[in-house]
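Reader: I am new to this structure. Could you walk me through it in short steps?

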Amino acid sequence: MKSKIIICLVLLSITVASLGCTSQSDKSKQNNSQINETNNITGDLKDIEGIWMGNLTVPSGLELRIVFNISTNPDGSINASMDSPDQGVSGIPVESVSYKNGNLNLGVKSIPGSFEGVYKENNETIEGEWKQSGSTFPLVLNRIEKAPETHREQDPVKPYPYTEEEVVYENKEAGVKLAGTLTLPQSEGPFPAVILITGSGQQNRNEEIAGHRPFLVLSDYLTRQGIAVLRVDDRGIGGSTGNVSQDTTEDFAGDVLTGVEYLKNRKEIDPSRIGLIGHSEGGLIAPMVAVKSPDIAFIVLMAAPGVTGEEILYMQSERIARAEGASNETIVQNEALMRRMYSVIKEEKNNTAAEEELREILRTEIANTSGQKTESSGHSEAVIDAQVTALTSPWMRFFLTYDPRPTLMKVKCPVLAINGEKDLQVPPEENLRAIDDALKAGGNKDYIVKELPGLNHLFQTAKTGSPSEYAKIEETISPDALEIIGNWILEHTQEE
């Protein structure tokens, strides 16, 4: 049963696009000597100084490289930070460092997580365990000369044949400042433009995930085709301000509307040719904005949900678990557990009461299969707390019950909806059919719904479509997908 709960927890993490470690903003890259709470060193510092890397395998099967950077300041204090190259995250502060008698302990409170290991002098490794949210995973660190490069083959290389500008604008209603990058073709404007909308979870302007930068690659491709592109850090990430703990998808739609207004006031942009490209949850947001703003000329939906979040999570759970080799019994039991928990969220509006009901459900499930009382198990309680916090957040409450079909029925601008055949997170058959039916029912006269063979949720060419493949695939976005998007936008933005 423990594996069943871990599967459910990891699926929630995947849904919000935070595979393994929590994403951190660039603001995390600070002087760690100022934040290290404990530098308890009684051994030889030379043992642990340097760059250490190990491979962490999380329950979904996804392998993540973890890098620790440890150095000393002139005053003898320790600098330590953590990177997750496969998630495009670096500079996570390591707040505490302890090294005694060959035992190393690194505490990363912002995640929260910790590493405990033993230094092996004979082969210069540190063998130990990574602990996070009540789960423990084996992790062996090896000393390396330099941190791994995160550059992928499709990442553009400067100098670019277009103009790149850092921009900041404000959503005054929400009190949020949004920072992004605007890329402009070098030919004569005004240009058609698109705003890129990230998937769920706090993501930066490049939508970094599993060591890939899909929005960097997409914006580069489109700008080279003569289309201006605005890509933006989500609230609370990178250069954008805000706290998303109480926000929902509807709040994020307000940020996109602010971006539209910003582009309309740029002389280089044709205000009559501004469109939106939304990926995953961004595909929920784009239709919301298109319905609210008559200024939207077109929308592109990439792996967008066409049914409720609850329906998607059941499909996602079954397909990913099956791809990772879970038994039919585990899959059935996991769905039954999810249904009980989601019923609580939908029926109990009081968060305190809902949290207690959810904790009881999870404690009972663990006790029934392990034969132990969870009250005495800090490990189980930490897993339960993490699960309950995610389930009762305003974002999850909204996502579970929101049905995109009524909004899609109101979208009158041209729509391109695409999804990968091997997408296990937003399965194509059910979601594309629902999008098609809604657009047709609403009388939209200009839309295309297309399933792209062999592609996964990130539009990579994939074997199984499992999230465990994302980091292992060198391709960031299929050239076929890029061409389909680019050609469709150009067709719908050509001046008469």
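Author: Start with a term: a nonpolar core is a set of buried Ala, Val, Leu, Ile, Met, Phe, Trp, Tyr and Cys residues joined through side-chain atoms within 4.5 Å. Keep in mind that this is a predicted model.

Reader: How many residues does the largest nonpolar core have?

Author: In general, nonpolar side chains tend to be buried together in soluble globular proteins. Here, Leu230, Leu263, Leu276, Ile296, Ile299, Leu301 and Tyr342 have the most contacts inside the largest core. That core has 63 residues.

Reader: Which residue touches Leu276, Val411 and Trp488?

Author: Leave aside residues up to four places away in sequence. The neighbours then include Ala286, Pro287, Ala290, Cys413 and Leu416. The residue that touches them is isoleucine 299.

Reader: Why is helix α3 largely enclosed by the rest of the structure?

Author: Helix α3 spans residues 214-224. Its buried residues include Phe215, Leu218 and Asp220. Helix α3 is largely enclosed because the buried residues number nine of the eleven.

Reader: Which residues of α10 are buried?

Author: Helix α10 covers residues 394-401. Six of its eight residues are buried, so it is largely enclosed by the rest of the structure. They are Trp395, Met396, Arg397, Phe398, Phe399 and Leu400.

Reader: Is glutamate 365 buried or partly exposed?

Author: Glutamate 365 forms a salt bridge with arginine 340, with the closest N and O atoms 1.8 Å apart. Glutamate 365 lies in helix α8 and arginine 340 in helix α7, so the pair ties together parts 25 residues apart in sequence. Arginine 340 has a relative accessible area of 36% and is partly exposed. Buried means under 20%, and glutamate 365 is at 14%, so it counts as buried.

Reader: Which residues share one salt-bridge network with Arg266?

Author: Arginine 266 forms a salt bridge with glutamate 268, the closest N and O atoms being 2.9 Å apart. Glutamate 268 counts as buried at 19% relative accessibility, and arginine 266 at 13%. Through shared partners, Arg266 is joined into one network with Glu165, Lys267 and Glu268.

Reader: How many salt bridges are there by count?

Author: One of them is between arginine 143 and glutamate 124, at 3.0 Å from N to O. This pair links strand β10 to the loop between β8 and β9. The count of salt bridges comes to 29.

Technical notes. Residues numbered from 1 in each chain as written. Predicted model: local features only at pLDDT ≥ 70, side-chain atom pairs only at ≥ 80, totals over all residues. Heavy atoms only, no water. Buried < 20%, exposed > 50% of the residue type's maximum accessible area, 1.4 Å probe, protein only. Helix = DSSP H or I, 4+ residues; strand = E, 2+ residues; numbered from the N terminus. Contact = heavy atoms within 4.5 Å. Salt bridge = Lys/Arg side-chain N within 4 Å of Asp/Glu carboxyl O.
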